[in-house]
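Please look at the sequence and the structure below. Some questions and answers follow.

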Amino acid sequence: MSDGTTNGPARLRDVHPAGEIERILIAEPEIRARIMELGAEIAADYAERDLVVLCLLKGGIYFTVDLTRAIDLPITLEFVRARSYAGMESTGKVELSWIDGLDIGGRDVLIVEDIVDTGLTLIEIWRALEAKRPASLAICTLLYKEKRLAHPIPIAYIGFAIEDVFVVGYGLDYDERFRNLPHIAVFQPHESSG
Ligand code: PRP
């Protein structure tokens, strides 16, 4: 199937009226290999501990699913919804849901995130979780934009440090689209889309 604007066949999954997928930044096999390394590292660090893996939705879903299967330890899986972006911009305000019901007192919590951009989301989550007195708190992020970090926070596990480009796929969205791409891709908006 073609969208009529490209030479080759365009997959519907890759098409959006506000912009286009410019290139693949991290291919699926690379993601898979790095996750196996991270899983082994985390398993070694948390052996004999009471590990709670806390997935930040929605973006962290694909990474968490693959990462937890690469951690050869008994774990508890929990979810928190964190939202701060509208289109390509942070609103500067993080909405958190489902924190109240978390049973993490005295337990070792690993927060799993798709991307650390400004760091605002993680700062807010960190504060909310600290109040519940876990035994330890740590962060694992698939992607890290070092240049954009405005809220310094310790990150224990980083999949890939990336340049400052807008990325989609493998959980990351533009306007709720592209989360189900199997790779990380650069999304370039058309100029009129800002
Ligand atoms: C995205 C992403 C991170 C956060 C990173 O979430 O999943 O949680 O932004 O940005 P920051 O470091 O500047 O806070 P978003 O608000 O888009 O919600 P989503 O996970 O549902 O896509």
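**Ligand, helices and loops**

Q: Which residue has a backbone N or O atom 2.9 Å from an oxygen atom of the ligand?
A: A polar contact is a pair of N or O atoms within 3.5 Å; within protein, one must be able to donate a hydrogen and the other to accept it, and residues adjacent in sequence count only if both atoms are side-chain atoms. At 2.9 Å from a ligand oxygen atom, the backbone N or O atom belongs to Gly59.

Q: On what kind of model do these values rest, and how are residues numbered?
A: Each chain is numbered from 1 as its sequence is written, and side-chain values use heavy atoms, without hydrogens and water. Local features need pLDDT of at least 70, side-chain atom pairs count only at pLDDT 80 or more, and totals for chains, interfaces and linings use all residues, since the model is predicted.

Q: How far is an N or O atom in the side chain of Glu113 from an oxygen atom of the ligand?
A: Asp173 also has a polar side-chain atom by a ligand oxygen atom, at 3.1 Å. For the side chain of Glu113, the value is 2.6 Å.

Q: At what angle do the axes of α1 and α2 cross?
A: Helices (H or I, at least four residues) are DSSP runs, numbered from the N terminus. Axes are lines fitted to C-alpha atoms over the stretch in contact, with angles from 0 to 180 degrees between N-to-C directions. The axes of α1 (residues 28-45) and α2 (residues 61-69) come within 8 Å and cross at roughly 60°.

Q: Which peptide bond is cis, with omega near 0°?
A: One of its residues, Lys58, lies in the loop between β3 (51-57) and α2. Strands (E, at least two residues) are also DSSP runs. The cis bond runs from Leu57 to Lys58.
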